[in-house]
Amino acid sequence: MSRRRHDRSERVDLTGEAIHWDLGTSLSYGQYLQLEKLLDAQKPLSGEHDEMLFIIVHQVSELWMRLMLHELADVLECVRRDDLGPSFKRLTRISCVQSQLLSSWEVLSTLTPADYSAFRNALGRSSGFQSYQYRLLEFLLGNKNAEMIEVHRRDPAVYARLERALAAPSLYDEALRLLSRRGYGIPEAYLNRQFSEPYRPSKQVAGAWLGVYHNAEKDWDLYEFAERLIDLDYKFQLWRFHHLKTVERIIGHKSGTGGTGGVSYLAKALELRFFPELWQVRTSM
């Protein structure tokens, strides 16, 4: 008797549940998500067990980056129309996505040097350096470098998309335009600059942001927006650092498959900041 009671307790009671056992003409869960296509996209080349981990971590990261691009496009529109309220929800979501991307390095770091060496040659010259979505994110946030798109010349559609992103105002450029429209002093050269060129910090721009912080009660939305941008930048820096340490843990100081110096190349990016004046004003407050 006790054995039968135990068996029953391990099954979910479906009594009263109006489950659609027959889906009729409706889409199924798998069809809606196109799972057959998605789960058929993992194609290890080496036959080594751990290559599946490597592929999935990078594919999932690309999906998260796709969501970030989707949300940032909406944030950009909010800034352009001076309606920052809806952007805060988007930026909160982006922050959560960044946390997921940070966690992905913990999963990848379970790969030992021997595990990775067993299939590394199968990658050829493919590398995360060639992630066009990551490059789009950097361009959208303001880290412009025209050289970076050359590796994508073999794909005309991607190359053209990156060219457009390179030439367009970044989120930070649009934020400075908004500050100017709100009466904060942004130099004209920063409002109509060559947007494909790298951004150069400005004392006047730092002064404008300092004004926002001093007027936080009056311009609360600008103040809150500035803090959300800092959070975005901060988590990007953490992501870069975890990337570097994961690479160092797995391959040491070997060159990357894409031709970079590996850890030495990643170290150069650690000091990059998308919104430099927002960091500078903290010393002045």
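Which residues in α9 meet which residues in α11?

Mentor: This is a predicted model, in which local features need pLDDT of at least 70, side-chain atom pairs count only at pLDDT 80 or more, and totals for chains, interfaces and linings use all residues. Residues are numbered from 1 along each chain as its sequence is written, and side-chain values use heavy atoms, with hydrogens and water left out.

On the α9 side the residues are Y172, A175, L176 and L179, and they meet V205, A208, W209 and V212 in α11; contact means heavy atoms within 4.5 Å. The residues of this contact divide into 8 nonpolar, no polar and no charged. In this grouping, Ala, Val, Leu, Ile, Met, Phe, Trp, Tyr, Cys and Pro are nonpolar, Asp, Glu, Lys and Arg are charged, and the others, Gly among them, are polar.

Helix α9 spans residues 171-181 and helix α11 spans residues 203-214 (helices are DSSP runs of H or I with at least four residues, numbered from the N terminus). The two pack at an angle of about 65°, with their axes 11 Å apart. Axes are lines fitted to C-alpha atoms over the stretch in contact, with angles from 0 to 180 degrees between N-to-C directions. The angle of about 65° makes α9 roughly perpendicular to α11, a term for 65 to 115 degrees, while under 35 is roughly parallel, over 145 roughly antiparallel and the rest oblique. The crossing of α9 past α11 is left-handed (the near helix is turned anticlockwise from the far one by less than a right angle).

The packing of α7 and α8 may be set beside this. Helix α8 covers residues 156-167, and α7 packs with α8 at about 15°, their axes 9 Å apart. That makes α7 roughly parallel to α8, and the crossing of these helices is left-handed. Here Y132, R135, L136 and F139 in α7 meet V158, R161, L162, A165 and L166 in α8. By class, this contact has 7 nonpolar, no polar and 2 charged residues.

Helices α5 and α12 form another pair: their axes come within 10 Å and cross at roughly 10°. They are therefore roughly parallel to each other, and their contact holds 14 nonpolar, 8 polar and 5 charged residues.

A cavity is a set of points on a 1 Å grid over the protein atoms alone where a 1.4 Å probe fits but cannot get out; lining residues have an atom within 4 Å of a point. About 80 Å³ of space lies in the largest cavity. Its lining consists of M65, M68, Q98, L101, Y134, L137, K235, F236 and W239, and the largest share, 3 residues, comes from α12. The classes in this lining are 7 nonpolar, 1 polar and 1 charged.

How values were computed
On a 1 Å grid over the protein atoms alone, a cavity is a set of points where a 1.4 Å probe fits but cannot get out, and a pocket is an open set with protein on both sides within 12 Å along at least five of seven lines; lining residues have an atom within 4 Å of a point. Grid points are joined across faces, edges and corners, and a volume is the space filled by probe spheres set on the points.
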